[in-house]
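Here is a short tour of a protein model, meant to be read with the structure open beside the text.

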Amino acid sequence: MAKKKLIRFAALPDLPNVRQQARDLRGFWARQFFNNNHPITLELACGKGDYTVALAQRFPGNNFIGVDIKGARLWVGATQALQLGLTNAGFLRTAIEDLQHAFAEQEIHEIWITFPDPHPAFGKRRKRLTSPRFLTIYRALVQPRGLIHLKTDSEILYHYTLQTLCDEGADVLTALPDISAVDHGLELLGIETTYEKIHRQEGRPIRYIAFTL
Ligand SMILES: C[S@@+](CC[C@H](N)C(=O)[O-])C[C@H]1O[C@@H](n2cnc3c(N)ncnc32)[C@H](O)[C@@H]1O
């Protein structure tokens, strides 16, 4: 690991808005971590937590938790949230495969999945964050009719997700193969993540799906 990443990773335990294990908070995030009873939105594969921070600024009456396995990236979002004085933004370092150990059934109001690794090789499709095993996890954690949003640049992941949602009997509310090509009126799609900026610079269309399970 590069030196800067190591320093950031080592500093994670000192950040009051970051948890690296959360079994004790399972079912109690709102009350014990945020000291309120507001709904919780997760940003999965959050990286530097661009959506977590931007949504927390826009919606002070909701709680937001960025989830990623990479601590040095979480450090960036967590530090920014602290500098902005955001008390409704938190960060959890965990594998998304283990989400059920950190959150109770129906504890989550909404999920954003932002530019997850597409794992384009067919043999690695189980690792895609919209594969059936991950949808099973989300189905348990999200409240009934809770919205799940996916933003991706990957054509493979976009079509794979639509097919998987169809196979799973999910309700697809919106499917945009290029969010810049239509007047969708969805203001929140204007939030740009770190990876999104790179994809846009390289001319790749940004795709979006909203669904419920
Ligand atoms: C391409 S980056 C996108 C980061 C950020 N959302 C953005 O758009 O800038 C994908 C992120 O997903 C995280 N990730 C991938 N698989 C994961 C998993 N199974 N559990 C937790 N994090 C994961 C990686 O650590 C990485 O930070």
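## Helix α4 and its cover

The buried residues of helix α4 are covered by elements that include α1 (3-11), β1 (18-19), α3 (50-58), β3 (63-68) and β4 (89-93). Contact here is counted when the C-beta atoms of two residues, placed from the backbone, lie within 7 Å. The buried residues themselves are Gly71, Arg73, Leu74, Trp75, Gly77, Ala78 and Ala81. A residue is called buried if 20 or more other C-beta atoms lie within 10 Å of its own, exposed if 12 or fewer, and partly exposed in between, with C-beta atoms placed from the backbone.

Before going further, a word on the source: this is a predicted model, in which local features need pLDDT of at least 70 and side-chain atom pairs count only at pLDDT 80 or more, while totals for chains, interfaces and linings use all residues. Residues are numbered from 1 along each chain as its sequence is written. Helices (H or I, at least four residues) and strands (E, at least two) are DSSP runs, numbered from the N terminus.

Helix α4 covers residues 71-83, which makes 13 residues, and spans 18 Å from its first C-alpha to its last, close to the 18 Å expected at 1.5 Å a residue. That expected span is 1.5 Å times one less than the number of residues. After α4 comes Gly85, with a positive phi near 70°.

## The sheet

Two strands are said to pair if DSSP finds at least two bridges between them.

Several neighbouring pairs can be followed residue by residue. β3 and β4 are parallel, with 5 bridges, and Phe64 has Ala89 of β4 as its bridge partner. β2 and β3 are also joined by 5 bridges and run parallel; there Glu43 stands opposite Gly66 in β3. On to β5: strand β2 (residues 40-44) is parallel to β5, with 4 bridges between them, and Leu42 is partnered with Ile111 of β5. β5 and β6 pair in the parallel sense over 4 bridges, with Trp112 opposite His149 in β6.

Two of these strands are mostly covered. In β2, 5 of its 5 residues are buried: Ile40, Leu42 and Leu44 point one way, and Thr41 and Glu43 the other way. In strand β5 (residues 110-114), 4 of its 5 residues are buried.

## Around the ligand

Which residues are closest to the ligand? They are Ala45, Gly47, Phe115, Thr193 and Tyr195, out of 18 residues that surround the ligand. A residue counts as near if its C-beta atom, placed from the backbone, lies within 6 Å.

By type, this shell divides into 8 nonpolar, 4 polar and 6 charged residues. Ala, Val, Leu, Ile, Met, Phe, Trp, Tyr, Cys and Pro count as nonpolar, Asp, Glu, Lys and Arg as charged, and the others, Gly among them, as polar. Helix α8 (residues 194-201) gives the largest share of the shell, 3 residues.

## Individual residues to look at

Leu99 belongs to helix α5 (residues 99-102) and is buried, because 21 other C-beta atoms lie within 10 Å. Leaving out residues up to four places away in sequence, Leu99 touches Thr94, Ile137 and Leu141.

Most residues other than glycine have a negative phi. Gln106, in the loop between α5 and β5, has a positive phi of about 60° although it is not a glycine; Gln106 counts as partly exposed because it has 13 C-beta neighbours inside 10 Å. Arg145 also has a positive phi, near 70°, and is found in the loop between α6 (132-141) and β6. Arg145 counts as exposed, with 8 C-beta neighbours inside 10 Å.

Asp24 is in the loop between β1 and α2 (29-33).
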